[in-house]
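Good morning, and thank you for coming. Please have the sequence and the model before you as I go through a few selected places.

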Amino acid sequence: MSAACIFCQIAAGAIPAKLVYEDAEVVAFPDINPAAPVHLLIVPRVHIETLADCENQHQALLGKMMGLAPRLAREHGVGFEGREGAGGFKTLVNTGPGGGQEVYHLHVHVLGGPRPWKAR
Ligand code: AMP
Ligand code: ZN
């Protein structure tokens, strides 16, 4: 844990957040400044700064985070219902200044719900 890192503090329970999912490796909670009607963040408990810092040892964790996205989307009413349906969601990882990353603790955004959305 990095004491200066807001997502480490949320994952450790030091800063309160409404967790919508947690297990030994990952937490998820709503984005404080949502860009869409549903906007969740999937965050590993371990402090990894960016996607570019991930190594082979992190593949299972990355897979878990990605795999959690459709489940959380479904639980929040924006699950994929087939190509003819209105449902579906966006998964997003911003990396570095060029990618628009603001919080330097790896996270996957899950966005969904009726458009228009704020640009991300
Ligand atoms: P990124 O640009 O990918 O680094 O996005 C960081 C996201 O974290 C932004 O969408 C912020 O609104 C969100 N965020 C920052 N602080 C908090 C917080 N304390 N709780 C929930 N979301 C946060
Ligand atoms: Zn951190």
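Helices and strands are DSSP runs, with helices being H or I of at least four residues and strands E of at least two, numbered from the N terminus. This is a predicted model, in which local features need pLDDT of at least 70 and side-chain atom pairs count only at pLDDT 80 or more, while totals for chains, interfaces and linings use all residues. Residues are numbered from 1 along each chain as its sequence is written, chains are lettered from A and ligands numbered from 1 in the order in which they are written, and side-chain values use heavy atoms, with hydrogens and water left out.

I shall begin with the ligand. Ligand 1 takes up the space of the largest pocket. A pocket here, on a 1 Å grid over the protein atoms alone, is an open set of points where a 1.4 Å probe fits, with protein on both sides within 12 Å along at least five of seven lines; a molecule sits in it if more than half of its atoms lie within 2 Å of its grid points.

Which residues come nearest to ligand 1? Of the 17 residues around it, they are Asp31, Glu102, Val103, His107 and His109, where "around" requires a heavy atom within 4 Å. By class, this shell has 8 nonpolar, 6 polar and 3 charged residues. For that count, Ala, Val, Leu, Ile, Met, Phe, Trp, Tyr, Cys and Pro are nonpolar, Asp, Glu, Lys and Arg are charged, and the others, Gly among them, are polar. Helix α1 (6-11) and strand β2 (26-30) each supply at least two residues of the shell, and α1 gives the most, with 3 residues.

One lies 2.6 Å from a polar backbone atom of Glu102. On the side-chain side, a polar atom of Asp31 is 2.5 Å from a ligand oxygen, and for His107 the distance is 2.7 Å. Taken alone, ligand 1 exposes 500 Å², and the protein buries 90% of that; these areas come from the Shrake-Rupley method with a 1.4 Å probe.

The His39 side chain reaches the backbone nitrogen of Ala35 at 3.0 Å.

Thr50, in the loop between β3 and α2 (59-75), is likewise buried, at 9% relative accessibility. Its side chain reaches the backbone nitrogen of Ala52 at 2.9 Å and makes a polar contact with the side chain of Asp53 at 3.0 Å. A polar contact is a pair of N or O atoms within 3.5 Å; within protein, one must be able to donate a hydrogen and the other to accept it, and residues adjacent in sequence count only if both atoms are side-chain atoms.

Gln59 lies in α2 and is exposed, with a relative accessible area of 53%. Lys64 is also placed in α2, but is partly exposed, at 28%.

Finally, the peptide bonds. Most peptide bonds are trans. Arg115 and Pro116, however, are joined by a cis peptide bond, with omega about 10°. Pro116 sits in the segment after β5 (108-112).

Key:
On a 1 Å grid over the protein atoms alone, a cavity is a set of points where a 1.4 Å probe fits but cannot get out, and a pocket is an open set with protein on both sides within 12 Å along at least five of seven lines; lining residues have an atom within 4 Å of a point. Buried means under 20% relative accessible area, exposed over 50%, partly exposed in between (1.4 Å probe, protein chains only).
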